[in-house]
Every structure is written in C-alpha cells, then in structure tokens.
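Please have the structure open as you read.

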Amino acid sequence: MRDLVTVILAAGAGTRMKSHTAKVLHKICGQPMLAYVMDAARKAGSGEIIAVLGHQAEQVKEAVKDVAFVLQEQQLGTGHAVMQARPLLEGKSGTVLVLYGDTPLITGDTLKQAYEVHLESKNQVTVITARVQDPTGYGRIVRDGDGRIRAIVEHKDATEEQRAIQEINSGMYFFEIPALLKALDRLNNANSQGEYYLTDTIEIILSNNGSAGAYLIGDSTEILGINDRIQLAEAERIMHDRIVQTHMKNGVTFILPETSVIAPQVEIGRDTVIYPGTILEGSTRIGEQCVIGPYSRIVDSTIGNDVHVMNSVILESEIRAKTKVGPFAYLRPGSKIGCNVKIGDFVEVKKSEIGDNTKVSHLTYIGDAQIGRNVNLGCGVVVVNYDGVKKHKTVVGDYAFVGCNVNLVSPVEVKEHAYIAAGSTITEEVPAYSLAIARSRQTIISDWVKRKGLDKK
C-alpha cells in the first residue's frame, strides 16, 4: 500500500461535557478518547498523524506524543479544519484519512478494510458509512444505480424520500491527497452557518469527473461520537464489552464481567479468573491460572503465573509465580515480590524486594528494604526507613525470623538465619545465627493502680 496520512479533527470546544478537561482527553476504560483514534489509524497503516487542535490545545499537546499538531484558531467548520493541515499535506501523493478525535469506537480493522476497498476501487474519495434505525440529524448517503455515491444530503436539506434513507455519513473519509487539495481550493462557506463543510468536497470531486465510493461498516456503534457524559458512559460500556469479550475468547474467565474495568493494553493469560470489582489499568500483564479479585486494583504491574490477589492494590510492581497477596494489601511502586510469597492482610510494601518463600502475613510495613528468601516477618513488623530527612535501606538475610512488633530502624542489616525477639527495636546489625533481644525486662509494681486511684468498681 502507498503512504497513508491521517488527519484527526480535535478542535471542538466540547461545551456539553461541562469540563475543564479537553473533550478528546476524557478517558474510556482508562485511555483518552484521542488515543483510541490514533491507535486505530496506526493499525490501519497510517505512518503519519496530524491532529488539528483548537480549544485547550496546550492541554492536548502535553498529553499526546508522536503526533504533528496544527492549530485551528477559529472553528469555521470541518472543511476549514482540514485546511489547517494543508501545509503538511502539500507535495504528498498518497492517501489521507480524516477522522474525529471524539469517535473512539472506530477500529483499526474497519479502517484497514475500508482503505483496501478505497485503493481497489481507485476512488478519489471513499466515505465510511453506517446504517442506523434512527438517522435523524445525520447526513444521508444518496447512491446511484451502480451503488456509487451521488451525494451526501444533510438532514435539514433532505427531501422526505431522502430522509427515509437509513445509510448515514460517519464523517470519516479516505481522500487521494491531490484530489482533496484541489477540492479545498474550491470550497466556500456560502451557507447559513458561514462554515466550510468537508462534505461539500464530495460534490466538488464528483463535479470534476472524480470517483466517490462508500464503505458500509457492519457495526454502527463504531461511528458514535462523544459530546456529553451520557455518551461517554455509553462508549465506555461498549469498549468495556469489546475488551472483556476478547479476553474471554482467549481463555479468561470473568465472574460478573460487567463489574470489572480492563484497560485496552492489559494482557491476561489463559485460565485466569477475574472476580467482580477488579480494575486492571495501564500496561498490566497477568499470567496464566491466576485468581484476581474481588475488588482489586492493579496498575502498570506484571503478575506471574498462578498468583492470587484478593481485595488489594498493586501499583507499578512485579509479582512472581505462586504468590498470594491480600486481602487488603497495598504494594506501592517499585516493589518486587518473589515466588511462593505470602503478602497478607494489611501489609504495605514500598520500593522493596522480597525473596522466594518469604511470609509477611499481616499488619506489616516494608519500605526501601531487601528481604531475603524463606524469611518470616511476624505481625506488626515495621521497617523504619525514614529519619525525617531521607530514606534508608534495611536488609534482612535468608532464613531470618523477625518476631511480632519489631521495629527495624534503617539503615540496618539482619544477617541470614538470625532471630529477633518479639517487641524489639533493632538499630544495629544482627549477626548470622544469633538471637537479638532489644527490650527492657518486665517490671511488676504491686498495687500501683490502687495507689494511683485508678481502680474502678
């Protein structure tokens, strides 16, 4: 195929969203709308993407990378928006795909198929169309006897016969670049709105003995545009169903799938079970035969095979095979958990490594630490990693045993096979195979309560 350039129109104000966030940056399943459109264009074969920006342009520029930007300072119609990309199209002889930044449901497969039809038919323009039950408000596709496009008639200008047509214009097009540039030269704003309409280029191309065709898509939801929060929620539901169904077809089980949120880039291995309320975000990768949830959130993390995560939060971390996490555990960024580890209830781990077969069963904080293999950390252990100015590291060797309610004051090292008695505060190195006790002897003061008058009867 020849070079394919994509122009994405993303200059609209999005006033109906009633938001400080640019409309095209509102997220669906954790990813901005504009990102879906860009992904679809690239999957269709587009090697260059130009985004036409207007309102909140700087906000969009900060959020989107690897795109050329042009500015439409005044929003004077879709044709005017494409005109702003003209300097980046001149001198090119391939095809330009025109899309909208607020139509995130269009798929790369659909665009690729439409592009192939465009090239095979040797059209100068191919319009992507859809058939809907209620076409009110949409431009109608009027075809000739051979099925080729004769005109696109806006709803307000259509006759009763034309309004009965259910095939509508999606607003997405493939143009041969020279034909588009010539049509833009003749485009005018002689209409009640005083705007330049891209649909008028179809009539211009046809009047110049050019060829125009249409590609009718099978799923009309792909062309849905997002203008308010209600439509955003509907698009979220559709995208969610697509993502979950793809995983289920690949061998993943979802319990009440409608309750989960799965980002489009997430990978899940076969025979994994996703329980209700699970949220998987970013570039998370889940291995095979895992059990995730219920009510767990995992972001930008890698989970090995046969891992169980229950009612927990995992952020930017790595968990290896056969480990169990939760309930109510919190793994903060930079945590690396080994194989067959137990991270139990109300355990928090931050920027630490925990070796294979280690048990951290409950009520423990581990920060900036390196914990070895086959270590046992008792209930209430705290790694005291912050001195009020900076963080310090604690190292616990293999096969060490740390009793309940122990404070490990960083920087400190507990050597392999060492034991620490419950209730100790450790500030110095504990040698290998030794027992450390760092607490005062128990003292009994008889009748102290009575003498203080604290007895209650």
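## Before we start

Contact here means heavy atoms within 4.5 Å. Helices (H or I, at least four residues) are DSSP runs, numbered from the N terminus.

This is a predicted model, in which local features need pLDDT of at least 70, side-chain atom pairs count only at pLDDT 80 or more, and totals for chains, interfaces and linings use all residues. Residues are numbered from 1 along each chain as its sequence is written, and side-chain values use heavy atoms, with hydrogens and water left out.

## Where α7 meets α8

On the α7 side (residues 177–186), A179, A183, L184 and R186 touch T201, I204, I205 and S207 of α8. These contact residues comprise 5 nonpolar, 2 polar and 1 charged; Ala, Val, Leu, Ile, Met, Phe, Trp, Tyr, Cys and Pro count as nonpolar, Asp, Glu, Lys and Arg as charged, and the others, Gly among them, as polar.

The axes of α7 and α8 (residues 200–207) are 9 Å apart, at an angle of about 105°. The two helices are therefore roughly perpendicular, a term for angles of 65 to 115 degrees. Axes are lines fitted to C-alpha atoms, for helices over the stretch in contact, and angles run from 0 to 180 degrees between N-to-C directions.

## Helix α1

Of the 11 residues of α1 (residues 33–43), 8 are buried, so this helix is largely enclosed by the rest of the structure. Buried means under 20% relative accessible area (1.4 Å probe, protein chains only). The buried residues include M33, Y36 and A41. Just after α1, G45 has a positive phi of about 110°.

## H118 in α5

H118 sits in helix α5 (residues 108–121) and is buried because its relative accessibility is 0%. Leaving aside residues up to four places away in sequence, its contacts include T95, Q124, F174 and E176.

Notes. Angles under 35 degrees count as roughly parallel, over 145 as roughly antiparallel, 65 to 115 as roughly perpendicular and the rest as oblique. Buried means under 20% relative accessible area, exposed over 50%, partly exposed in between (1.4 Å probe, protein chains only).
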